[in-house]
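Biologist: I would like to learn how to read strand pairing and nonpolar cores in a model. Could you walk me through them?

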Amino acid sequence: MGSHNKDMEHTKLGRTSRRTWLVAIGMAVGAASVLRAVHLYLQPTAPAHGHSVDLGPLDAIVQDGQRKVVSIEGMNVLIARTGLSAVALDLTCTHAGCPLHVREDAKRILCSCHGGAFDLDGQPVKAPPTKPLRVLQTQVIHGSLFLRIPARGSA
Ligand code: FES
C-alpha cells in the first residue's frame, strides 16, 4: 500500500512536472509572439517602411522663405521652408533616376541626362519626365526638422 501510494505520488509529480513544462513553453511562445508584435509596433521605421532622420534645428538648415539642398544618406533633397514647415523634394529625376541640379535663378530643377526639367515645386515642365518629383515627408518637432526616408524601391 505504501509502495502504491509512492508510485501514485511519483506519477502525479511526473504529470504535474510535464504540465508545468507545457504551460511554461506555452507562455514562452505566447510571450515571444507578444514581444514580436510590440517590437513591430514600436519600430515603424523598420527598413520595409523607411525611417526618419533628424536633420537638426530648422533655423540652422534653411531660413524662412528660402530653399536649400541637403545631402542625406547619399540622396540630395531640396528643402523649401515656409514658416515652421518645410517641403522636401527628392532630387532624383522621375524619368530615369538621374541626379538633378537646382537653378534658383532660372526657377528650374534640371536634369543633364536627357534635358528634362521641373519647376521649383517639383512639377515636370520639360519632357521626357512626366511625373512630379517625389515629396518626402517632413515634420518639425521642437524646432528640429525630421525627414522620412522611404524604403528603397518604394514610391
Ligand atoms: S533621367 Fe532625367 S530626363 Fe531622363
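Biologist: Which residue of β4 does A80 stand opposite?

Modeller: In this predicted model, A80 faces V87 in β4. The two strands, β3 and β4 (residues 85-90), pair in the antiparallel sense over 6 bridges.

Biologist: Where does R67 stand?

Modeller: R67 is opposite A80 in β3. Strand β2 (residues 67-72) pairs with β3 in the antiparallel sense, over 6 bridges. The hairpin of β2 and β3 also has 2 residues between its strands, with E73 taking a positive phi near 50 degrees.

Biologist: Why is β3 described as largely enclosed by the rest of the structure?

Modeller: The reasoning is a count: 6 of the 8 residues of β3 (residues 75-82) are buried, so the strand is largely enclosed. Buried here means under 20% relative accessible area.

Biologist: And how should I read a nonpolar core?

Modeller: The general idea is that in soluble globular proteins, nonpolar side chains tend to be buried together. Here the largest nonpolar core has 15 residues, and I72, V77, I79 and L147 touch the most other members. At least two core residues come from each of α2 (58-61), β2, β3, β4 and β11 (144-149). Apart from this core lies another, of 11 residues, including L78, I109, L120 and L133.

Biologist: Which residues does L147 touch?

Modeller: Leaving out residues up to four places away in sequence, the contacts of L147 include V53, L55, I72, V77, A88 and L136. H51, S52, Q137 and T138 are also among them.

Conventions:
Residues numbered from 1 in each chain as written. Predicted model: local features only at pLDDT ≥ 70, side-chain atom pairs only at ≥ 80, totals over all residues. Heavy atoms only, no water. Buried < 20%, exposed > 50% of the residue type's maximum accessible area, 1.4 Å probe, protein only. Helix = DSSP H or I, 4+ residues; strand = E, 2+ residues; numbered from the N terminus. Pairing = 2+ DSSP bridges. Core = buried A, V, L, I, M, F, W, Y, C linked by side-chain atoms within 4.5 Å. Contact = heavy atoms within 4.5 Å.
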